Amino acid sequence: MKALSKKNLGIEESMTLAITAKAKQLKESGVNIVSFGAGEPDFNTPKNIRDYAIARIEKGGNGYTAASGLLELKQAICAKLLKDNHLTYAPNQIVVSSGAKHSLFNALQTICNPGDEIIIPSPYWVSYYELTKMADAEPVLVEGLASNSFKVTVAQLEAAVTDKTKGLLINSPNNPTGAVYTEEELRAIGAFATKHDLYIISDEIYEKLIYGEKHVSIASLSQDLYERTIVVNGLSKAYAMTGWRIGYTACSTAITKVMSNIQSHATSNPNTIAQYAGIEALSGDQSTIEEMRKAFEERKDYMVKTIGEIPNVSCVAPKGAFYVMVNISYFKGKTVEGVLVKDSLDLAAVLIDQANIAVIPGIAFGVDDYIRLSYATSMENIVEGLKRLNDFCIKYA
């Protein structure tokens with residue numbers, strides 16, 4: 001047999017999905033696992049959205065839509081962007097895709113040529129790195145330090161930019177750190193992008209899950225930034241619609257046209273019923289968002305306080321999303337039950353075997369001194385899981 005694609009053979013499996021799958025497998029085999037790996041709300045999709053989708057199924061007429069999405073959904077997205085983000089777009093500037101990950105894929109495929117570089121602040125969401133490579137571009141990582149709440153500075157960006165740099169991928173609120181960039185910080189980053197004529201891909205999927213801060217879309221800060229930014233968002237986090245797979249982009253018509261053409265051949269339209277449900281999500285009752293946000297904030301506060309009391313680990317309080325990054329550098333180089341902990345991947349394996357808790361190793365996000373804990377799980381699980389982490393840290397101190 002002839003060789004497979006060299007480029008795609010180099011794509012790594014998602015560690016987050018792999019560990020979540022292992023935790024599920026252990027649970028099904030009878031092991032009492034507490035999983036902190038989830039990247040999705042543990043709430044059901046709101047009833048008004050479910051009911052709307054069921055009614056639409058019964059009504060019929062649910063065949064193919066335009067490849068880039070239903071006009072009515074695009075109009076609802078435009079209304080949302082104007083109301084929430086002070087951004088004015090027309091429906092022909094919107095591409096609806098099968099989740100925000102698909103939107104990111106489209107965006108990178110559209111702007112990148114072989115040899116281009118994309119600056120990615122780290123810690124970064126696990127797929128950014130691989131999606132960039134899939135677009136024949138090179139990921140250039142810039143590490144946001146814990147001392148700056150994991151946010152990068154313009155000075156760091158200036159040190160990373162080259163004549164090959166095509167764009168910058170920012171994510172606020174951030175997965176995995178929960179970092180939120182202020183308007184002042186975004187203006188400085190925007191000035192940097194303008195200075196070097198860079199595209200900006202702004203992943204804003206967690207914008208509704210924010211604590212004590214204000215979400216600002218970088219595209220809203222000037223006409224220049226509006227024109228060079230691809231805003232990426234979706235319904236999965238704010239509306240607990242992860243499995244419905246609806247994401248979208250908003251950007252210039254020149255970029256939109258290319259993305260629409262890519263999608264028309266790669267996947268065609270996203271799920272039709274999910275698109276109709278998306279209209280209700282964006283246009284219907286919004287009260288469930290605040291209910292979920294408050295629940296996440298309560299869990300976040302408990303986790304930050306409790307982790308602060310556990311020996312030999314620490315964390316930075318997140319300002320958004322539903323994750324906490326826990327510094328576990330103390331355990332690197334130690335031997336636990338005969339296993340030498342060389343990195344965060346080793347520690348994640350030890351924790352699932354010895355403490356029956358599933359976490360995501362920081363190496364998946366570009367930072368090896370950390371593990372990621374999700375609080376998109378019940379308070380009962382959080383209390384029990386942190387108790388197990390505390391017992392582990394005391395036992396192997």
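Helices (H or I, at least four residues) and strands (E, at least two) are DSSP runs, numbered from the N terminus. The model is predicted, so local features need pLDDT of at least 70 and side-chain atom pairs count only at pLDDT 80 or more, while totals for chains, interfaces and linings use all residues. Residues are numbered from 1 along each chain as its sequence is written, and side-chain values use heavy atoms, with hydrogens and water left out.

A cavity is a set of points, on a 1 Å grid over the protein atoms alone, where a 1.4 Å probe fits but cannot get out; lining residues have an atom within 4 Å of a point. The count comes to five cavities of 30 Å³ or more.

The largest cavity has a volume of about 110 Å³, a volume being the space filled by probe spheres set on the points, which are joined across faces, edges and corners. Its lining has 13 residues, with Pro 121, Pro 123, Asn 171, Asn 174 and Tyr 181 nearest the centre. Strands E3 (117-122) and E5 (165-171) each supply at least two lining residues, and E5 gives the largest share, three.

The second largest cavity holds about 50 Å³. Residues that line this second cavity include Lys 80, Glu 207, Lys 208 and Tyr 248.

Now for the cysteines. A disulfide is a pair of cysteine sulfur atoms within 2.5 Å, and the whole structure has zero. For Cys 315, the nearest cysteine sulfur, that of Cys 393, is 12 Å away.

Technical notes
1 Å grid on protein atoms, 1.4 Å probe; cavity = no way out; pocket = protein on both sides within 12 Å on 5 of 7 lines; lining within 4 Å.
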